[in-house]
Amino acid sequence: SAVSSDLVDMVVEFTDARNFEFDSAAYELNQYDFNRIPQLIRVVAVDAYGKISISTLKINYKALPAPVVSVNQPSTVTEFEDCVINGNATSETGITKVECYTLGENYECLAISQNVDGGNEYDIAMTIPGDEIRDYITAIKVVVTDARNKKTENIIPVTVTPVFENISSTDNLVDEIAKRFSDEKYRTVKLLLPSGATYSIGTAVKLTKNLMLKSENGASLPVINVTSAYTFDTDNAHLDIISFENISFKTSKTGSFFMGNQAATASIGELSVKGCVLEGYTNSFYRSGDRVDMTSLYMENNIFYWANTNSNYSFLHFAKDSGSLGSFKVVNSTFTGVLFLHYNNLKNTEGYIEVSNCTFANSKASANAYFINIANTSLKGDVVLKKNLFGGSNNLTGNCRMLRANSMAKDVSENYCTVGWKTFVDDQTNNSVNFCTLLPADEDNDQLFKDYKNNDFTITPATTVYGYGIGDPRWIN
């Protein structure tokens, strides 16, 4: 080669003149540096009289094929369960190693490796441990190496079925979350809480990874009792998803927030709350004290029993004049004690807001407040408000307005309110709109609801909206 002329140094001495045959096949190149592969053979012959003959012979290599790999494709696998990989590999020079990798977005991890005895054919039968099968895995890569260090890989796309891990009623919920947050193999922590269990949160859970909590199907929701000011802290959180389903959160803490990023920026892809009951919070469901970018906030089939004693915070309080909230949708839910629903001072230019089939009761507001207040004059998009019922709201003061949406298109219909909301004005300040139809004076809280003082907002048959499908469906007979 250009680097060395004596990679193969072989000396043969004879006492008699003879022909010599050199069998190049006896010398395997795998014993040499592959970056210095010989291109020529120089033969030097010296006879008994000291005469020298030199010949240079070009080496012609036979190209040996890379290993051939065939793997049976497990198109769907289950998270946390062992995954069996079966297949076959062949090689002319012998197989020395088989490896399996798990792949995801910006992720590759060696899951299992086997050294092989060098045979020309190998039946692959490898088991990837369930701990390596996570919901972010999108493919499995099988790599076969032969005796000449040639490699062949086969990438198998897979779909991983996500699995929620069961925790018991005696487990410490905060500890179970924390130990998974500290495990680098977790990107999303998904926990299944047993029906009727009771847990406690005494210090705000700082979200450093995606979190999904839900309960089993059962007669009673698991209850999480909260004594901290924040239940979940999203300072410096940069997450794809946060979701809660069929869980009850209870607190009696004054000045309490369910979630927020008060002191540092945050970004959240999706925040979802379904089938939950939140009770006793006094301030906001979500409070941003610093920049937050949230793609989607979705709420369905929830009850929010708010103990709103603070007139400075709305249910959703995005106070920082930066960041974004792309979509906010709430359907089939009940709110009590809420100051006002949505204060948005963010700076995104496109957005979507929908509030449909919701019941609002015992709401509170201060003078000149807005039920929905979009202060950003650059925000365009749609506001959809349909089939909502506003009742039991005797705590309002003068000059309240329903909707400030500036440049957003408004799609409003079949929204009703009791006389307790009559202080709302429609003076078009800041492009405000009062989208409610006022119910007759004799259809106030006592007539409209079965027992509104005890949070039974079942609509009674004698009222105008009975049979109209107005409000939270759980209260419609």
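**Note on side-chain contacts in the predicted model**

1. V46 is exposed, with a relative accessible area of 54%; exposed means over 50% relative accessible area, buried under 20% and partly exposed in between, for a 1.4 Å probe and protein chains only. V46 has its place in strand β1, where strands (E, at least two residues) and helices (H or I, at least four) are DSSP runs numbered from the N terminus. Together with V44, I52 and I54, V46 forms a nonpolar patch on the surface, with about 390 Å² of accessible area in total. Strands β1 (40-46) and β2 (52-58) each supply at least two residues of this patch. Patches are built from residues with over 30% relative accessible area and no salt bridge, nonpolar side chains (Val, Leu, Ile, Met, Phe, Trp, Tyr) being joined within 5 Å and like charges within 9 Å. Accessible areas come from the Shrake-Rupley method with a 1.4 Å probe, and for residues only the protein chains shown count as cover.

2. On the basis of the note: this is a predicted model, in which local features need pLDDT of at least 70 and side-chain atom pairs count only at pLDDT 80 or more, while totals for chains, interfaces and linings use all residues. Residues are numbered from 1 along each chain as its sequence is written, and side-chain values use heavy atoms, with hydrogens and water left out.

3. The structure holds 28 aromatic pairs. Rings of Phe, Tyr and Trp (its six-membered ring) pair if their centres lie within 6.5 Å; planes under 30 degrees apart count as stacked, over 60 as edge-to-face and the rest as tilted. One of the pairs is F315 with F335: the ring centres are 5.1 Å apart and the planes stand at 85 degrees, so the pair is edge-to-face. F315 lies in the loop between β26 (303-305) and β27 (316-318), and F335 in strand β29 (residues 334-336), so the pair ties together parts that are 20 residues apart in sequence. F315 is buried at a relative accessible area of 1%, and F335 is buried at 0%.

4. F457 and W475 also form an edge-to-face pair, at 5.7 Å centre to centre and 85 degrees between the planes. F457 lies in strand β42 (residues 456-459) and W475 in the segment after β42, so the pair ties together parts that are 18 residues apart in sequence. Both F457 and W475 are buried.

5. T334 is found in strand β29 and counts as buried, at 0% relative accessibility. The side chain of T334 is joined to that of D472 by a polar contact of 2.6 Å. A polar contact is a pair of N or O atoms within 3.5 Å; within protein, one must be able to donate a hydrogen and the other to accept it, and residues adjacent in sequence count only if both atoms are side-chain atoms.

6. N210, in strand β16 (residues 210-215), counts as buried at 7% relative accessibility. A polar atom of the N210 side chain lies 2.7 Å from the backbone nitrogen of D240.

7. The structure holds 16 salt bridges, each a side-chain nitrogen of Lys or Arg within 4 Å of a carboxyl oxygen of Asp or Glu. E153 and K141 form one of them, with the closest N and O atoms 3.8 Å apart. E153 lies in strand β10 (residues 151-157) and K141 in strand β9 (residues 137-146), so the pair ties together parts that are twelve residues apart in sequence. E153 is partly exposed, with a relative accessible area of 48%, whereas K141 is buried, with 10%. K141 also lies over the face of Y101, at 4.9 Å from the ring centre. A charge sits over a ring if NZ of Lys or CZ of Arg is within 6 Å of the ring centre and within 35 degrees of the ring normal.

8. E176 and R180 meet in a salt bridge of 2.7 Å, N to O. Both lie in helix α1 (residues 173-181), four residues apart, about one turn of the helix. E176 counts as buried at 11% relative accessibility, and R180 counts as buried at 8%.

9. N357 has a phi near 50 degrees, a positive value in a residue other than glycine. N357 is found in the loop between β31 and β32 (359-361) and counts as buried at 17% relative accessibility.
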